[in-house]
Amino acid sequence: MSLAFLVFLVAWLVGMVGTFVPALPATLIIFAGTVAATFIDGFQPWPDLPFLLTFAVITFLISMIDNVASAWGARRYGGSKQAGWGALIGGLVGIFIPVGLIVGPLAGALIAELFVVRKPVLDATRAAWGTLLGLLTGIAAKLVLHLLIGIYELSRLWDPSKSIFG
């Protein structure tokens with residue numbers, strides 16, 4: 001097990017836990033582990049630079065899954081376009097609050113439905129419920145993507161000849 005493998009493994013495990021802890025930027029932690037491992041392993045412009053750039057784009061897209069899934073859930077459960085935007089804005093604001101990635105989209109959709117669209121409480125609650133289901137769907141998608149990234153990167157870094165233990 002090389003040092004690069006070990007560094008990525010630790011970052012990946014922290015990122016996997018962070019998938020379920022809204023205050024931790026899980027995908028960013030996994031990306032940082034990949035960058036650190038690549039440089040520890042001896043950065044080569046080819047193929048490492050295209051790999052890291054591609055992974056940076058994937059990291060950004062994965063980071064947006066929570067917000068997009070919440071907005072989709074709000075729309076799927078009868079929420080208005082404003083509820084979708086409320087969920088998206090609530091999710092972005094929620095990034096800065098400890099449990100905000102769960103409460104933010106939920107509150108954003110509910111507030112938009114109640115005060116902007118002026119829907120009855122029951123209908124607004126249904127849209128907020130859809131937001132929560134969308135958020136949980138997003139977390140499941142992130143979990144799968146984090147697993148795939150981890151498996152790929154660990155297999156890429158695995159080189160028994162570079163073991164730090166022997």
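Which residues does the UniProt annotation "transmembrane region" cover? After that, please take a close look at helix α1, its buried residues and what they pack against.

Reply: The model is predicted, and local features need pLDDT of at least 70, side-chain atom pairs count only at pLDDT 80 or more, while totals for chains, interfaces and linings use all residues. Residues are numbered from 1 along each chain as its sequence is written, and side-chain values use heavy atoms, with hydrogens and water left out.

According to the unreviewed UniProt entry, the annotation "transmembrane region" covers residues 49-73, 85-107 and 127-152. Such annotations may be inferred rather than shown by experiment; their positions are given in the numbering used here, with feature names shortened. Residues 49-73 are 100% helix and 0% strand, with end C-alpha atoms 36 Å apart. Residues 85-107 are 78% helix and 0% strand, and there the end C-alpha atoms lie 12 Å apart.

Helix α1 comprises the 16 residues 3-18. The expected span of a helix is 1.5 Å times one less than its number of residues. For α1 this gives 22 Å, which agrees with the 22 Å between its end C-alpha atoms. The buried residues of α1 are Ala 4, Phe 5, Phe 8, Ala 11, Trp 12, Gly 15, Met 16 and Gly 18. They cover an arc of only 150 degrees around the axis, so they are on the same side of α1. The arc is that of the directions from the helix axis to the C-beta atoms. Buried means under 20% relative accessible area, exposed over 50%, and partly exposed in between, with a 1.4 Å probe and protein chains only. This buried set packs against α2 (26-40) and α6, where contact means heavy atoms within 4.5 Å.

The whole structure holds 5 aromatic pairs. Rings of Phe, Tyr and Trp (its six-membered ring) pair if their centres lie within 6.5 Å; planes under 30 degrees apart are stacked, over 60 edge-to-face, and the rest tilted. Phe 5 counts as buried because its relative accessible area is 9%, whereas Trp 158, at 46%, counts as partly exposed.

A further pair consists of Phe 31 and Phe 55, with centres 5.4 Å apart and planes at 50 degrees, so this pair is tilted. Phe 31 lies in α2 and Phe 55 in helix α3 (residues 45-76), 24 residues apart. Both Phe 31 and Phe 55 are buried. Together with Phe 51 and Tyr 152 they form one aromatic cluster. The charged end of Arg 156 sits over the ring of Phe 51, 4.2 Å from its centre; this requires NZ of Lys or CZ of Arg within 6 Å of the ring centre and within 35 degrees of the ring normal.

Thr 34 of α2 brings several of these residues together. Leaving aside residues up to four places away in sequence, Thr 34 touches Phe 8, Phe 51, Leu 52, Phe 55 and Glu 153. Thr 34 is buried because its relative accessible area is 1%.

Methods:
Helices (H or I, at least four residues) and strands (E, at least two) are DSSP runs, numbered from the N terminus.
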